[in-house]
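Here are some notes for a colleague meeting this structure for the first time.

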Amino acid sequence: MTMFNPPHPGSILKEDVLPELGISVTEAATQLGVSRVALSRLINGKAGISADMALRLEAWMKGPTAESWVRMQAEYDLWQARQKPHPNVKPIEKPKAA
């Protein structure tokens with residue numbers, strides 16, 4: 001089932017994970033082995049969660065799984081794309097049997 005306006009996964013890190021851990025973006029970035037700028041872009045919704053970042057988050061927090069992070073990003077991206085006008089794409093026609 002599609003969630004209505006799913007949150008950007010970065011907002012979950014910003015609003016739930018970092019406050020719960022009581023650490024700054026800088027400290028989290030250091031622990032994740034990424035730059036502060038990269039993590040800041042992610043938590044502010046300016047960048048998506050890559051497969052690499054999903055694996056880092058999984059290892060760092062020992063769950064949610066990398067698949068969960070990637071799935072959250074895909075749900076967010078699809079919902080955002082569905083809010084925009086769609087191009088006029090004609091469905092493919094199957095060849096007629098001979």
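What share of the contacts in the chain with a separation of 6 or more comes from residues 24 or more positions apart?

1. In this predicted model, residues 24 or more positions apart account for 56% of the contacts with a separation of 6 or more.

2. The chain has five helices and zero strands. Along the sequence, the pattern therefore reads α-α-α-α-α.

3. The overall form deserves a comment. The radius of gyration is 18 Å, well over the 13 Å that the globule rule gives for 98 residues, so the chain is more spread out than a compact globule. Taken along the principal axes, the box filled by the C-alpha atoms is roughly 65 × 25 × 25 Å.

4. On burial, 28% of the 98 residues of the chain count as buried.

5. Helix H1 covers residues 9-21 and helix H4 covers residues 51-61. Their axes come within 13 Å and cross at roughly 30 degrees. Angles under 35 degrees count as roughly parallel, which means that H1 is roughly parallel to H4. The crossing of H1 past H4 is left-handed.

6. Which residues make the contact between H1 and H4? From H1 they are Leu 13, Val 17, Leu 18 and Leu 21. H4 contributes Leu 57, Trp 60 and Met 61. Sorted by class, this contact has seven nonpolar residues, with no polar and no charged ones.

Terms used
Residues are numbered from 1 along each chain as its sequence is written. This is a predicted model: local features need pLDDT of at least 70, side-chain atom pairs count only at pLDDT 80 or more; totals for chains, interfaces and linings use all residues. Side-chain values use heavy atoms; hydrogens and water are left out. Axes are lines fitted to C-alpha atoms, for helices over the stretch in contact, and angles run from 0 to 180 degrees between N-to-C directions. Helices (H or I, at least four residues) and strands (E, at least two) are DSSP runs, numbered from the N terminus. Angles under 35 degrees count as roughly parallel, over 145 as roughly antiparallel, 65 to 115 as roughly perpendicular and the rest as oblique. A crossing is left-handed if the near helix is turned anticlockwise from the far one by less than a right angle, and right-handed if clockwise. Contact means heavy atoms within 4.5 Å. Ala, Val, Leu, Ile, Met, Phe, Trp, Tyr, Cys and Pro count as nonpolar, Asp, Glu, Lys and Arg as charged, and the others, Gly among them, as polar. The radius of gyration is taken over C-alpha atoms; the globule rule is 2.2 Å times the number of residues to the power 0.38. Buried means under 20% relative accessible area, exposed over 50%, partly exposed in between (1.4 Å probe, protein chains only).
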